[in-house]
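Please read the following report alongside the sequence and the model.

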Amino acid sequence: MDGMKKRWISLYVENQVGVLSKISGLFSGKSYNLDSLTVGTTEDPTVSRMTIATVSDDETFEQIKKQLNRMIEVIKVIDFTDIFVRMKEILYIKVLKCTPQDKIEIFQIAETFKAKVIDYGKDSLLVEFVQTATKNDAVVKLMKEEFKSIEVVRGGSVGIESISMMER
């Protein structure tokens with residue numbers, strides 16, 4: 001049995017009331033941890049696509065996939081762990097109690113990380129990052145070290161299989 005590692009699953013599910021709670025219930029009922037879960041309607045309004053991140057060993061992960069495949073609301077299960085995917089997460093960081101010097105630094109950080117300053121106040125800025133969860137982890141760490149007062153909201157990762165062979 002291999003050690004614990006981060007794994008990604010994409011699910012096509014019926015777009016119905018209760019499907020999200022049933023799937024998250026499968027994880028909590030078996031004491032599997034959900035690191036991230038995002039869901040949205042696809043080009044077909046009767047189908048939603050979920051992107052789920054979890055940390056598990058190989059044996060547990062195989063069990064998770066089998067149990068998801070058994071659910072009648074699940075149309076398709078795709079294991080993203082070892083395939084080329086495009087994956088991004090949205091992150092908002094509000095920096096409060098900014099000095100004019102802080103604002104200059106925030107604009108430089110935003111430029112470096114290809115982020116956008118999307119709102120601006122007398123002593124605060126709101127920055128939007130759309131990148132991998134790993135890069136967003138680094139940004140959060142940096143911002144916590146650099147600024148006294150920040151507020152963080154993360155949207156969870158979404159992913160799709162790559163057309164080319166470029167990695168996430």
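## Confidence and conventions

The protein chain has an average pLDDT of 91, pLDDT being the predictor's confidence in each residue on a scale from 0 to 100, and 96% of the residues score at least 70. Among the elements of the chain, the lowest mean pLDDT, 88, belongs to helix α1 (residues 19-29), and the highest, 97, to β7; helices (H or I, at least four residues) and strands (E, at least two) are DSSP runs numbered from the N terminus.

This is a predicted model, in which local features need pLDDT of at least 70 and side-chain atom pairs count only at pLDDT 80 or more, whereas totals for chains, interfaces and linings use all residues. Residues are numbered from 1 along each chain as its sequence is written, and side-chain values use heavy atoms, with hydrogens and water left out.

## The annotated domain and its sheet

An unreviewed UniProt entry lists residues 8-82 as "domain: ACT"; such annotations may be inferred rather than shown by experiment.

Four strands form an open sheet in the order β2-β3-β1-β4, with antiparallel pairing, where two strands pair if DSSP finds at least two bridges between them. Because β2 (34-41) and β4 (74-79) stand at the edges with a single partner strand each, one side of each is left without a neighbour in the sheet. Neighbouring strands are turned by 15 degrees against each other on average, direction ignored. Strand β1 (residues 5-14) runs antiparallel to β4 and is joined to it by five bridges; in β4, K76 is the bridge partner of Y12.

## Helices on the sheet

Helix α1 packs on the sheet and touches β1, β2, β3 (47-56) and β4, contact meaning heavy atoms within 4.5 Å. The direction of α1 makes about 15 degrees with that of β3, with axes fitted to C-alpha atoms (for helices over the stretch in contact) and angles running from 0 to 180 degrees between N-to-C directions. Helix α2 (residues 58-70) also packs on the sheet, touching β1, β3 and β4, and its direction makes about 5 degrees with that of β1.

E128 lies in strand β7 (residues 125-131) and is buried, with a relative accessible area of 17%; buried means under 20%, exposed over 50% and partly exposed in between, with a 1.4 Å probe and protein chains only. Leaving aside residues up to four places away in sequence, E128 touches I90, L91, Y92, A115, K116 and I118.
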